[in-house]
Amino acid sequence: MERIYLDYAATTPLDERVLAAMMPYLTSEFGNPSSLHRFGQTARAAVQTARRQVATVLNVDAKDIVFTGGGTEADNLAVLGYLRASCPSGGHIVTTAVEHAAVLQTFKALAEKGYDLTILPVGADGRVAPDSVRQALRDDTVLISVMAANNETGMIQPIEEIGTIAHEAGIVFHVDAVQGFGWFPLHPLARHIDLLSVAAHKIYGPKGCGAIYIRRGLELQPDMYGGPQERHLRAGTENVAALVGFGKACELLVAEGEKRVRHAYALKALFYKELIADSNAYCLNGTLENSVPHIINFSIAHKDRAVVLIAADRKGLALSAGSACESGAAQPSHVLTAMGLSGEELYGSVRLSLGKDTTEADIRKAVEIIRTIAGEEPNHG
Ligand SMILES: *Cc1c(COP(=O)(O)O)cnc(C)c1O
């Protein structure tokens, strides 16, 4: 059976050109970047090239990029590292109800340690109103964290407006851009972003590799102690091959990003038109406007998503319940709950996410499979 993978928001396959770039650093070029001999210097140069490639996508200086072991670690180090350095004894922190667990759980842990936490609501479209951010601010607010694009619904947050509000108030602004990365411009300098997290495996790079952009002059404190790697912020010998792969994935993103966006938009529009637009058996969660081109979240009437996902997988179609991290859990999505969904809509929600290699035939086949599962077939029981 030919399998169709439509879960690119959970992770993407390694691009073969990325693997080719990584191979030497897994074999002959195995040096430690901290070593002074030729082996070490070759590895060090490769890490610096990767840093420049990541910086280029974000339109920032390579000096302002710190590598991490993934998106979750980038979110944790950005948020906790900043608070440890600047306001270790507490303060008011602000985030949204629809953040990825990597941010939401971090903020909840901070609340338990004594920070005052405001979790902003979202509208039915899954977006935060910039005004609600403004109204939440207090004299002791020290940090605002809002994601660029939601991993379950694809909804894009008004990052530029929130950045301006944070900047005017002199409050540090962190953006979890792991899902938005590559789908729309996220230049931290133009958007008053102080800290921004990205990960390689959502853009055809290797897993366990990410980065933080840190605005010049902003102090962070590490949570691991050891060697001076990554400006003392992430001690330990670099995962050179993974960083090289991340860099190569960013280079490909620069070259092919616009094409990927156009391709995904066309396929998303096709899927919407074929399955959802004229049917009352399905409803779109979120909106087509203000969303990334590769994610579409919808509910199937009278169906439990667990049943749908298993039936789809049996027919060779890989879909998701929303967040890969929560798909094992029976709990309903915190994102869709925050958007006001309840009952059947909530339990029947499915996420489909597209990639650069998804074809029109994949989409047509997916529509057919979903229709069958939803019981649109005349002979269903
Ligand atoms: C995938 C994802 C993360 C976590 O990144 P990992 O590299 O898997 O740790 C964080 N935030 C968002 C929005 C994501 O989509």
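## Strand β3 and its partner

Strand β3 and strand β4 (residues 116-120) run parallel and are joined by five bridges; strands are DSSP runs of E of at least two residues, helices are runs of H or I of at least four, and both are numbered from the N terminus. Two strands count as paired if DSSP finds at least two bridges between them. Isoleucine 93 has leucine 117 as its bridge partner in β4.

The model is predicted, so local features need pLDDT of at least 70 and side-chain atom pairs count only at pLDDT 80 or more, while totals for chains, interfaces and linings use all residues. Residues are numbered from 1 along each chain as its sequence is written, and side-chain values use heavy atoms, with hydrogens and water left out.

Five of the five residues of β3 (residues 92-96) are buried, so the strand is largely enclosed by the rest of the structure. Buried means under 20% relative accessible area, exposed over 50%, and partly exposed in between (1.4 Å probe, protein chains only). The cover extends to both faces of β3, with His92, Val94 and Thr96 buried on one side and Ile93 and Thr95 buried on the other.

Three strands form an open sheet in the order β9-β10-β12, with antiparallel pairing. Its edge strands, each pairing on one side only, are β9 (282-285) and β12 (349-353). From one strand to the next the twist averages 35 degrees; axes are lines fitted to C-alpha atoms, for helices over the stretch in contact, and angles run from 0 to 180 degrees between N-to-C directions. Five bridges hold the antiparallel pairing of β10 and β12, and isoleucine 295 stands opposite serine 353 in β12.

Helix α7 lies across β9, β10 and β12, and runs at about 10 degrees to β10. Leucine 267 is in this helix and is buried, with a relative accessible area of 6%. Leaving aside residues up to four places away in sequence, leucine 267 touches Leu354, Thr358, Thr359, Glu360 and Ile363, where contact means heavy atoms within 4.5 Å. The C-alpha atoms of leucine 267 and arginine 371 are separated by 17 Å, and the two residues are 104 residues apart along the chain.

## Aromatic pairs

Rings of Phe, Tyr and Trp (its six-membered ring) pair if their centres lie within 6.5 Å; planes under 30 degrees apart count as stacked, over 60 as edge-to-face and the rest as tilted. By this rule there are five aromatic pairs. Tyrosine 8 and tyrosine 204 have ring centres 6.4 Å apart and planes at 50 degrees, so the pair is tilted. Tyrosine 8 sits in the loop between β1 (4-5) and α1 (16-26) and tyrosine 204 in the loop between β7 (195-199) and β8 (210-214), 196 residues apart. Both tyrosine 8 and tyrosine 204 are buried.

A tilted pair is also formed by phenylalanine 271 and phenylalanine 298, at 5.4 Å centre to centre and 50 degrees between the planes. Phenylalanine 271 belongs to α7 (residues 240-276) and phenylalanine 298 to β10 (residues 295-300), so the pair ties together parts that are 27 residues apart in sequence. Phenylalanine 271 and phenylalanine 298 are both buried.

Tyr5, Tyr8 and Tyr204 form one aromatic cluster. Lysine 356 lies over the face of tyrosine 204, at 4.7 Å from the ring centre; a charge sits over a ring if NZ of Lys or CZ of Arg is within 6 Å of the ring centre and within 35 degrees of the ring normal.

## Helix α11

The buried residues of α11 are Asp362, Ile363, Ala366, Val367, Ile369, Ile370, Ile373 and Ala374. Just after α11, glycine 375 has a positive phi of about 85 degrees.
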